[in-house]
Every structure is written in C-alpha cells, then in structure tokens.
Amino acid sequence: MPLDVILLVLFGALLHATWNAIVKAGSDKSLDAALISAGGAVSALPFLAFLPLPQSEAWPFIGASAILQFAYFQLVAAAYRAGDIGLVYPLMRGCAPLLIAATSGIVLRENLSGATLAGIVTISAGVLTLAVEARRNSGRAVALSIANAFVIATYTYVDGIGARLSGNAVSYTLWMSLLPPILLFSWAASQRGSLTVVRHVRLNWWRGLIGGAGSIASYGLALWAMTRAPVATVAALRETAILFALVISVVVFKEKAGIWRYVAGVVIAIGVLVLKLA
C-alpha cells in the first residue's frame, strides 16, 4: 500500500472522527446528523461543474448508496442516544472491516495477502478492544451499533464498486452526497414537524457545514484510495479514526481514558505498521 495513500486515508480518518464528535456533542443528534449530511452536500455543489459526470454504469450505485447513507446517519444518531461513545464507535467502526475482510474475496474477487489480512484483523481487534472500557451500555446500543456495522460494510462495497465504475472517484463522491440530506430532512420534517427542523437548522447550520465538509472530504479520500488499493485494506486503515476520536475525547471533552484505550491504541498502531509492510 503506497505511503501517500496511507497518509491521505489517515487524514480522512481524522476528519471522520471530528464530525462524529460534532454529532455526539450535539443536543439533537438526529437533526445534527442530518445537518452533517446537508453540509457535505453544500460543500460538494461548487465543485460539480468542474468535474465530469460519473459514467452511466455508476448511477445505480449512487442511488443505492444514498439509501444506505440515510440508514447510516439514522443509526449513528440512534446509537449515540442509546449508548456511550466508548462502546458505540468501536463496535460500528470495528465490526465493519471484519465483515468486509471476510467477504471481499467472494464479492469483489480480491485476493488479500496473509500479511494484509493480519493487519486488518489487528486493527479491528484493537478497535473492538475499546469496547472493554464500556461499563453501562444497553443491549439496544450494542444492537444498533452492530446493525450499523452491516450498513457500513454494505455501502463500502457499493461505493467501492461505484467509484471504480464512475471513472472519477471524486465526482462519484460529490454526486452521491446530494440525495441523503433530502431523505434525512424529509423524514425529520414528517416525524417532528417543519418548524422544529427549521429552528434547529437556523441555530446550528455552522456545525453542519463544518462537519459536512469534513465528512465528504473524509469519504472522498477513502473512495479515491479504493481505486489505488484493495477495498478491504482501505476500509480497515480508515478505522484508525478511533485513535483521533480518543484524543478528541480526552483533550476536548475532558473524558477520562482507561488503560484499555491505550492498549487498543498500541494494537491499532501495530496493525497500521503491518499494513504498511504488507
């Protein structure tokens, strides 16, 4: 895996952790998740005129991805309402690469080396180790987190294939970002009323713009990397976002870090090294 690809995926992981922290810190996680999605779409609009349209073969994947992204943002908000970030985030982001690694040979016909598989498993094990720190988390939080891991694995496949078919990974990412916020806000308005949605947007639009720009940039970097390296490898390396999330939790939110967080950090770092040497 080339060094430039690794560094860009790691930068994308930092952006991913940042927008998740914005959602977690918000007072209304469902609407904040929708704002993040909308911020990504707004950030994408200025660049669409300068990029080629995705190839026709990619449009069904863009549509499927929009529906999966709707489910993803809904589950992110629900999981953060139900449980601690120390359990929810590791389960969501840690189970997904394991699912991808277990099935990529069948779905994408990608042959992964033994060292690459070792790196994937090591990173995933490190992320999942963070769940040991959780003390008071409901079965509902676990169920929502695992359900979202399946959604993450599914849209990773859909977008990995779609980006390759599109002819331009950046164009694919930007076009894919336009539909999810429409679905999310339409759903929110139907469930909670337009006035509630408008009031929240008016007060918190800046959070959505900042988080959305980070979200779309993070995923765009990952999709570009998937055109240069195996999807399963990129998906696993992207889960190092949990390390950045840990730093944010300690420095910004002043949360106490237990021993298992540091153990997991070392394990994940080892996994990244294994991937670099694979």
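The structure is a predicted model, in which local features need pLDDT of at least 70 and side-chain atom pairs count only at pLDDT 80 or more, whereas totals for chains, interfaces and linings use all residues. Residues are numbered from 1 along each chain as its sequence is written, and side-chain values use heavy atoms, with hydrogens and water left out.

**Overall fold**

The protein has 12 helices and zero strands, these being DSSP runs numbered from the N terminus (helices H or I, at least four residues; strands E, at least two). For 278 residues a compact globule would have a radius of gyration near 19 Å, and the 18 Å of the protein agrees with this; the radius is taken over C-alpha atoms, and the globule rule is 2.2 Å times the number of residues to the power 0.38. Of the 278 residues, 53% count as buried, a term that means under 20% relative accessible area, with exposed over 50% and partly exposed in between (1.4 Å probe, protein chains only). Among contacts (heavy atoms within 4.5 Å) between residues at least 6 apart in sequence, 89% join residues at least 24 apart.

**The aromatic pairs of Tyr72**

A search of the whole structure finds six aromatic pairs. Rings of Phe, Tyr and Trp (its six-membered ring) pair if their centres lie within 6.5 Å, and planes under 30 degrees apart count as stacked, over 60 as edge-to-face and the rest as tilted. Two of the pairs, both with Tyr72, are listed here.

| Pair | Distance of centres | Angle of planes | Class |
|---|---|---|---|
| Tyr72 and Phe73 | 5.3 Å | 65° | edge-to-face |
| Tyr72 and Tyr155 | 5.4 Å | 80° | edge-to-face |

**Tyr72 in the nonpolar core**

A nonpolar core is a set of buried Ala, Val, Leu, Ile, Met, Phe, Trp, Tyr and Cys residues joined through side-chain atoms within 4.5 Å. In the largest such core, of 63 residues, Tyr72, Tyr80, Tyr172 and Val234 touch the most other members, and the largest share of this core, 10 residues, comes from α3. Not counting residues up to four places away in sequence, Tyr72 touches His16, Trp19, Asn20, Arg93, Asn148, Val151, Ile152 and Tyr155.
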